[in-house]
Amino acid sequence: MPHKGEILERAVRKTAISISELARKVDYDRGTIYRHFKDEDLEDSIILKYSKALKNDFRKEFPQLPSYGNLLQEPLNEYRALTLSEALQEADMWKEKYISLLEQYNNLLKKMVDEDK
């Protein structure tokens with residue numbers, strides 16, 4: 001009887017998706033995917049991630065997997081590289097949030113010190 005990793009590998013091989021494309025979708029490197037193929041006891045969370053990426057419901061092969069409704073219909077969190085201008089804008093946004101929170105914290109500390117006097 002095939003183990004979890006072998007079942008995963010068979011499902012991947014039946015699709016037209018390359019290992020490189022799958023690696024990008026699940027945010028693992030190719031080596032990790034090949035290690036998953038050899039893993040006899042893959043965690044359910046890992047199988048669910050592949051299930052979503054491959055749009056393959058593994059609950060048939062693994063009935064113990066939790067049912068999350070329309071898991072396969074939910075979009076994957078796919079990440080892309082930011083352009084330099086986007087990265088600079090994001091850095092400025094986080095810097096402003098940090099400064100704002102720091103000012104609020106300082107005001108709270110001042111208020112607490114003033115109450116103790």
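A residue counts as buried under 20% relative accessible area, as exposed over 50%, and as partly exposed in between. Glu 21, at 29% relative accessibility, therefore counts as partly exposed. The structure described here is a predicted model.

**Overall make-up**

The protein has five helices and zero strands. Along the sequence the pattern reads α-α-α-α-α. Of its 117 residues, 25% count as buried. The accessible surface comes to about 8900 Å², and 53% of that surface belongs to carbon and sulfur atoms. Among contacts between residues at least 6 apart in sequence, 44% join residues at least 24 apart.

In soluble globular proteins, nonpolar side chains tend to be buried together. The largest nonpolar core of this model has 20 residues, and the members that touch the most other members are Leu 8, Val 12, Leu 22, Ile 33, Tyr 50, Leu 54 and Phe 58. Four helices each supply at least two residues of this core: α1 (4-14), α2 (19-26), α3 (30-38) and α4 (44-54). The largest share, six residues, comes from α4.

Which residues does Phe 58 touch, leaving aside those up to four places away in sequence? They are Ile 7, Leu 8, Ala 11, Ile 47, Tyr 50, Ser 51 and Leu 65. Two of these partners, Leu 8 and Tyr 50, are also listed among the core members that touch the most others.

**Salt bridges**

The model contains five salt bridges.

| Pair | Distance, N to O |
|---|---|
| Lys 4 and Asp 41 | 3.6 Å |
| Arg 13 and Glu 9 | 3.2 Å |
| Glu 21 and Arg 24 | 2.7 Å |

Asp 41 has 59% relative accessibility, which is over 50%, so Asp 41 counts as exposed.

Arg 13 counts as partly exposed because its relative accessibility is 46%. Glu 9 is also partly exposed, at 27%.

Glu 21 and Arg 24 both lie in helix α2, three residues apart, which is again about one turn of the helix. Arg 24 has a relative accessible area of 42% and is therefore partly exposed. Elsewhere, salt bridges that share partners join Lys 4, Asp 41 and Asp 44 into one network.

**Arg 35**

Arg 35 lies in helix α3. With a relative accessible area of 53%, over the 50% cut-off, Arg 35 counts as exposed. Its side chain makes a polar contact with the side chain of Thr 32, at 3.1 Å. How far apart are the C-alpha atoms of Arg 35 and Gly 5? They are separated by 8.3 Å, while the two residues are 30 apart along the chain.

Note on methods:
Residues numbered from 1 in each chain as written. Predicted model: local features only at pLDDT ≥ 70, side-chain atom pairs only at ≥ 80, totals over all residues. Heavy atoms only, no water. Core = buried A, V, L, I, M, F, W, Y, C linked by side-chain atoms within 4.5 Å. Buried < 20%, exposed > 50% of the residue type's maximum accessible area, 1.4 Å probe, protein only. Contact = heavy atoms within 4.5 Å. Salt bridge = Lys/Arg side-chain N within 4 Å of Asp/Glu carboxyl O. Polar contact = N/O pair within 3.5 Å; in protein donor to acceptor, adjacent residues only side chain to side chain. Areas by Shrake-Rupley, 256 points an atom, 1.4 Å probe, with all protein chains shown as cover.
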